[in-house]
Amino acid sequence: MTRYAIVADLNRCVGCQTCTAACKHANATAPGVQWRKVLDFETGEFPDVSRAFVPVGCMHCDEPSCMEVCPSTATGKRDDGIVTIDYDICIGCAYCAVACPYQARYRVDEPSAAYGGGKKMRHETAREDPARLGVAQKCTLCFDVIDDGLEKGLVPGKDMAATPVCVASCIAGALHMGDLDDPDSNVSQLLNEKRHFRMHEELGNGPNIVYLYDGQIEDTSVQDKAPMVADPVGLAAVSPKPQTSWDWRAAANFMAGGAGTGLFMMTMLASLFAPVIWGAVFAALVLVGGGLFCVLLEIGRRWRSMNVFRNARTSWMTREAMMAAPYFAFGGLAWLTGWTALGWLAAIFALAFLYCQARILRAAKGIPAWRQPQIVPLILATGFAEGAGLLASAVGIALLAGWTQTTLGMALGGTLAVLVAVRFGAWKQYRRALGVTGAPVQTFEVLDGPRSGLALAGQAAIAVLAIYGALGLPLAGLALALAGLAAAGTGWLFKYTLITGAAYNQGFAVERMPARGAGESAPGIKPGWKTA
């Protein structure tokens, strides 16, 4: 087999950005888009200062999380390990961008010019590629150059005419490319001889950009040390940044989808004790539909949206879409016909839809606040609490107007209090786990602030109101309505904050700083990171 990789010697890289310029010239990327770039940063305090230049880009991973989550199968992997994108089937959902721990993916929705104002230079007009608008794009490892060279009998990594332009243009000889599965290749020999590391290797992607730092591999005088967590001040180039791929429209899908499926399930459960509230069934269908419509507004190629069904094997976004279809079919028929059995069928798919939403976040490996396993029970508990809250608020209003019996309100009040307590417990478990594994500093600042919506005082107040409503005391309907609206509202606030406020990306980390001159390498850095 063949497995192409790039080896970057951090001791030799001078930060000239020639590889960046060569890539931009060869691929005609849009302003602000750099498939290959070089990070430039310093650590330490004078006189003990270390500086590093670190080439980054698509890592062409052994286990690419971008390919796993892609709902359209646009992201693929060749037999030689190169990760590709088919622009003709990509829907531009940007799921791959939040799943990539290396910030290597981009989506450009509109043509742009280097100097702005819509005035393009002649080469920009000539080389503009409409197929790359509204879809994911990234480094291709110049597979066209590689394939053309192979047809001519050339060896990629050895013959520059068959080698990616970033490697071929490197003036310092810092970049090397070759076949890792060939023990005699240049990259295999370098890795056998030199000390090296892979960035974020603990995440399990198997990145295929490997970094050399100092000394021979058998040199035991160099001690490997874990990267130090550094203050992000002055390290903006490598520190975690807010993700910009998913905005309020994605948040609206999680908010409305969770509340809608929760409302549907709680309505069917309530039907065990009282007649089905068909208005709530209709509202639940509308909520989920509204959330999915917001997703449609966000994707770059909306008319390809049916491609979302192409990857049921690994993509939770595909599975979410597949659960939505029978949910709407059975739920809609139940509402039209009044058949409770159809409603129960729809409730099963509603639960599956909610679970898929939780797993969508879990699979987004590039966002530490989302990839925690405990996010799954938290999203499930939040959906149930929101659904119970909406139903309780409707019943509370009906109680005030004298339209329903007190028994249903009492049952819903007790149920809501329990679900709010369960949600708070899931939140505490999630927050505790996040503190153990660590996350960007800003993520903790957002989640621990009032914007999280799940603070103890607020949830306790909701539970008290719900219990008061369950006791059937005077103004119980008002208490129930307020508790229900607050339960749903705080759930929405939490999910909006989780998607748009706390979602900082992984940032970059370097296990070892390179040696300069006769010195030794210094411990690496993981800036802007925090545990506990």
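**The interface of domain 1 and domain 2**

In this predicted model, domain 1 and domain 2 bury about 2500 Å² between them, and carbon and sulfur atoms give 55% of that area.

User: Which residues of domain 1 lose the most area to domain 2?

Analyst: Ile-91, Tyr-95 and Lys-530 do, together accounting for 25% of what the side of domain 1 buries.

User: What makes these parts domain 1 and domain 2?

Analyst: The domain assignment of the protein chain gives 4-240 + 507-530 as domain 1 and 248-501 as domain 2. Their centres, taken over C-alpha atoms, are separated by 39 Å.

User: How do you know that residues of domain 1 are in contact with residues of domain 2?

Analyst: Contact requires heavy atoms within 4.5 Å. By that cut-off, 34 residues of domain 1 are in contact with 33 residues of domain 2.

User: How many salt bridges does the rule find across the interface?

Analyst: The rule asks for a side-chain nitrogen of Lys or Arg within 4 Å of a carboxyl oxygen of Asp or Glu. It finds 0 salt bridges between domain 1 and domain 2. Polar contacts are another matter: 24 residue pairs are counted between the domains, with both residues at pLDDT 80 or more.

User: Which elements give two or more residues to the side of domain 1 that touches domain 2?

Analyst: They are helix H2 (65-69), helix H3 (95-99) and strand S14 (529-530). H2 contributes the largest share, 4 residues.

User: What is the make-up of that side of domain 1 by class?

Analyst: The side of domain 1 that touches domain 2 has 21 nonpolar, 8 polar and 5 charged residues.

Technical notes
Residues numbered from 1 in each chain as written. Predicted model: local features only at pLDDT ≥ 70, side-chain atom pairs only at ≥ 80, totals over all residues. Heavy atoms only, no water. Domains from an automatic or database assignment. Buried area = accessible area lost by both parts, 1.4 Å probe. Polar contact = N/O pair within 3.5 Å; in protein donor to acceptor, adjacent residues only side chain to side chain. Nonpolar A, V, L, I, M, F, W, Y, C, P; charged D, E, K, R; others polar.
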